[in-house]
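Welcome! Here is a short tour for someone meeting this structure for the first time. Have a look at it below, and then read on.

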Amino acid sequence: MIASTDTALTLPELYTDVDGVARFRDRPVALTEGTPMTRLSALAPSGGWQMRRSPPGFASDFHCTTTPQWLLVLQGRMEIGLRDDSVRVFGPGEGFYSNDTLPAGATFDAARHGHRSRLLGDEPLVTLFVRA
């Protein structure tokens, strides 16, 4: 869910904490440009974008994000689950910054690292990934 004020947006960020475990936190994005009627963030560089379509029944095992990226849901509903059994659901027009990369020097441990994702419902999931 996106929270907003006249000068900032607050977006979910999926990140790797200092203990190597994926967690969610709020990520503020300052709206420092534009006009009072059309507040904008600073232009951020990106490394390209990809779209993905996942059929009903899609579910992943626990994994880490390989490259930090914004994920935006265009169609369907996506659940992100963490090791502590917490979940967040994102629907059309919602998204988050996916930054739960494997800690430097670590080897992926399926019992410790990452997050899982799955499609909820019978509608295909269409997502847009924008690399940071």
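## The second largest pocket

In this predicted model, the lining of the second largest pocket divides into seven nonpolar, nine polar and two charged residues. The volume of this pocket is about 240 Å³. Its lining is made up of 18 residues, and those closest to the pocket centre are Arg-52, His-63, Gln-69, His-115 and Phe-129.

Which elements give two or more residues to this lining? They are β6 (49–54), β7, β8 (77–81), β10 and β12.

## The largest pocket

Now turn to the largest pocket, which holds about 470 Å³ of space. Around it sit 21 lining residues, and Leu-11, Val-29, Ser-41, Ala-44 and Trp-70 lie nearest its centre. Sorted by class, the lining of the largest pocket has 14 nonpolar, four polar and three charged residues.

Several strands take part here too. At least two lining residues of the largest pocket come from each of β2 (8–16), β3 (22–30), β7 (69–75), β10 (95–99) and β12 (125–131).

## The chain as a whole

Stepping back, how many helices and strands does the protein chain have? There are zero helices and 12 strands, so read from the N terminus the pattern is simply β-β-β-β-β-β-β-β-β-β-β-β. Of the contacts between residues at least 6 apart in sequence, 65% join residues at least 24 apart.

For overall dimensions, picture a box of roughly 45 × 40 × 25 Å along the principal axes, filled by the C-alpha atoms.

## Inside and outside

Of the 132 residues in the protein chain, 32% are buried. The accessible surface comes to about 7,800 Å², and carbon and sulfur atoms account for 55% of that surface.

## A residue to look at: Asp-85

Finally, find Asp-85 in the loop between β8 and β9 (87–90). Is this residue buried or exposed? Asp-85 counts as exposed, because its relative accessibility is 70% and the cut-off for exposed is over 50%.

The backbone of Asp-85 is worth a glance as well. Most residues other than glycine have a negative phi. Asp-85 is not a glycine, yet its phi is positive, at about 75°.

Notes
Residues numbered from 1 in each chain as written. Predicted model: local features only at pLDDT ≥ 70, side-chain atom pairs only at ≥ 80, totals over all residues. Heavy atoms only, no water. 1 Å grid on protein atoms, 1.4 Å probe; cavity = no way out; pocket = protein on both sides within 12 Å on 5 of 7 lines; lining within 4 Å. Points joined across faces, edges and corners; volume = space filled by probe spheres on them. Helix = DSSP H or I, 4+ residues; strand = E, 2+ residues; numbered from the N terminus. Nonpolar A, V, L, I, M, F, W, Y, C, P; charged D, E, K, R; others polar. Buried < 20%, exposed > 50% of the residue type's maximum accessible area, 1.4 Å probe, protein only. Contact = heavy atoms within 4.5 Å. Areas by Shrake-Rupley, 256 points an atom, 1.4 Å probe, with all protein chains shown as cover.
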